[in-house]
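Reader: Before I use these labels, I would like to see each one set against its cut-off. Can we go through them in turn?

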Amino acid sequence: MTHTARLVNSCCGEWEVYVPTDTPVPREWPEHLFARTSPIPTVAERTAALAGLGYEIVPGQRWAWDELDDDDTGPVRLVASVTVRLIGSEASR
């Protein structure tokens, strides 16, 4: 089974990576807080954080970036996502 991990700059601007799972309560999703606003966590840092949560990036997958802008005049929030799986599991085919 795969999931889509997300890297976001939270409400306070600090970076966090989390893995939305089948659990309906977001507070129970695996998450890692980087406790900084900049620089953006590197791929190595994100990979290590995911491993600490028990996930690995599915081979061949890369982080994809998107902008969330609720207001044309407001700040833009960056969001990145990548397909992950539990460490040691086979990717869904």
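Author: Helices (H or I, at least four residues) and strands (E, at least two) are DSSP runs, numbered from the N terminus. On that basis Pro 26 is found in the loop between β2 and β3. The model is predicted, local features need pLDDT of at least 70, side-chain atom pairs count only at pLDDT 80 or more, and totals for chains, interfaces and linings use all residues. Residues are numbered from 1 along each chain as its sequence is written, and side-chain values use heavy atoms, with hydrogens and water left out.

Reader: Why does Pro 26 count as partly exposed?

Author: Buried means under 20% relative accessible area, exposed over 50%, and partly exposed in between (1.4 Å probe, protein chains only). Pro 26 has 48% relative accessibility, so it counts as partly exposed.

Reader: What makes Met 1 exposed?

Author: The relative accessible area of Met 1 is 56%, and the cut-off for exposed is over 50%. Met 1 sits in the segment before β1.

Reader: Why is Thr 21 called buried?

Author: Thr 21 is at 19% relative accessibility, so it counts as buried. Its place is in the loop between β2 (15-18) and β3 (31-33).

Reader: What does Thr 21 touch?

Author: Contact means heavy atoms within 4.5 Å. Residues up to four places away in sequence aside, Thr 21 touches His 3, Trp 29, Pro 30 and Tyr 55.

Reader: What makes Trp 15 and Trp 65 an aromatic pair, and is it stacked or edge-to-face?

Author: The structure holds 2 aromatic pairs. Rings of Phe, Tyr and Trp (its six-membered ring) pair if their centres lie within 6.5 Å; planes under 30 degrees apart count as stacked, over 60 as edge-to-face and the rest as tilted. Trp 15 and Trp 65 are 6.2 Å centre to centre with 85° between the planes, hence edge-to-face. This pair links distant parts of the chain, with Trp 15 in β2 and Trp 65 in β5 (residues 64-68), 50 residues apart. Trp 15 is buried at 4% relative accessibility, whereas Trp 65, with a relative accessible area of 38%, is partly exposed.

Reader: What makes Arg 46 count as lying over the face of Trp 63?

Author: A charge sits over a ring if NZ of Lys or CZ of Arg is within 6 Å of the ring centre and within 35 degrees of the ring normal. Arg 46 is at 5.0 Å from the ring centre of Trp 63.

Reader: How do you know that β1 and β2 pair, and in which sense do they run?

Author: Two strands pair if DSSP finds at least two bridges between them. β1 (residues 2-9) and β2 are joined by 4 bridges and run antiparallel, with Arg 6 opposite Tyr 18 in β2. β2 also pairs with β3 in the antiparallel sense, over 3 bridges, where the bridge partner of Glu 16 is Leu 33.

Reader: Why are the buried residues of α1 placed on the same side?

Author: Arg 46, Ala 49 and Leu 50 are buried in α1 (residues 43-52). They cover an arc of only 100° around the axis, taken from the directions from the helix axis to the C-beta atoms, so they lie on the same side. The face turned away from that buried side carries the exposed residues Ala 44 and Gly 52.

Reader: What makes a nonpolar core, and how many residues has the largest?

Author: A nonpolar core is a set of buried Ala, Val, Leu, Ile, Met, Phe, Trp, Tyr and Cys residues joined through side-chain atoms within 4.5 Å. The largest has 13 residues, and those with the most contacts inside it are Leu 7, Val 17, Leu 50, Trp 63 and Val 84. β1, β2, α1 and β6 each supply at least two of its residues, and β6 gives the most, with 3.
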